[in-house]
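Welcome! Here is a short tour of a structure that may be new to you. Please take a look at the sequence and the model before reading on.

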Amino acid sequence: MFYDVCQEDCIACGLCQLKAPKLFYYDDEGIAHSLYDRQTHIPESLMFSFKDAYINCPTGAIKRFDK
């Protein structure tokens, strides 16, 4: 599985980094970005934290891709 963040939908709430700090970082405005590019699978060891962040994102800014 792959993921990305739609910066236009992000409201800089900080929830994704609280849930999955090894998958997300923030720019100077507090907008979330993914630490992995869209070509890199989410490591199995981080899948639980990714799902927690994905499910709890209030705006749906976290996008997941199977291919």
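## A charge over a ring

Which residue lies over the face of F65? The answer is R38, at 4.1 Å from the ring centre. A charge sits over a ring if NZ of Lys or CZ of Arg is within 6 Å of the ring centre and within 35 degrees of the ring normal.

## About the model

This is a predicted model, in which local features need pLDDT of at least 70 and side-chain atom pairs count only at pLDDT 80 or more, while totals for chains, interfaces and linings use all residues. Residues are numbered from 1 along each chain as its sequence is written, and side-chain values use heavy atoms, with hydrogens and water left out.

## Aromatic rings

The whole structure holds four aromatic pairs (rings of Phe, Tyr and Trp, the last by its six-membered ring, with centres within 6.5 Å; planes under 30 degrees apart are stacked, over 60 edge-to-face and the rest tilted). Y3 and F50 form a tilted pair, because their planes meet at 55°, with the ring centres 5.5 Å apart. This pair links distant parts of the chain, 47 residues apart: Y3 is in strand β1 (residues 2–5) and F50 in helix α2 (residues 47–56). Helices (H or I, at least four residues) and strands (E, at least two) are DSSP runs, numbered from the N terminus.

Ring pairs also join Y3, F24, Y36, F50 and Y54 into a cluster. Y3 is buried at 0% relative accessibility, and F50 is buried with a relative accessible area of 0%. Buried means under 20% relative accessible area, exposed over 50%, and partly exposed in between (1.4 Å probe, protein chains only). Strand β1 also contains D4, which is partly exposed at 22%.

## Cysteines without a bond

How many disulfides are there? The count is zero, where a disulfide is a pair of cysteine sulfur atoms within 2.5 Å. The sulfur of C6 is too far for a bond, because the closest cysteine sulfur, in C10, is 9.0 Å away. C16 is in no disulfide either, and its nearest cysteine sulfur, that of C10, is 6.2 Å away. C16 is buried, with a relative accessible area of 11%.

## An enclosed space

There is one cavity of 30 Å³ or more. On a 1 Å grid over the protein atoms alone, a cavity is a set of points where a 1.4 Å probe fits but cannot get out, and lining residues have an atom within 4 Å of a point. The largest cavity has a volume of about 100 Å³, counted as the space filled by probe spheres set on the points, which are joined across faces, edges and corners. It is lined by 16 residues, and the closest to its centre are C10, C13, C16, A32 and C57.

Key
1 Å grid on protein atoms, 1.4 Å probe; cavity = no way out; pocket = protein on both sides within 12 Å on 5 of 7 lines; lining within 4 Å.
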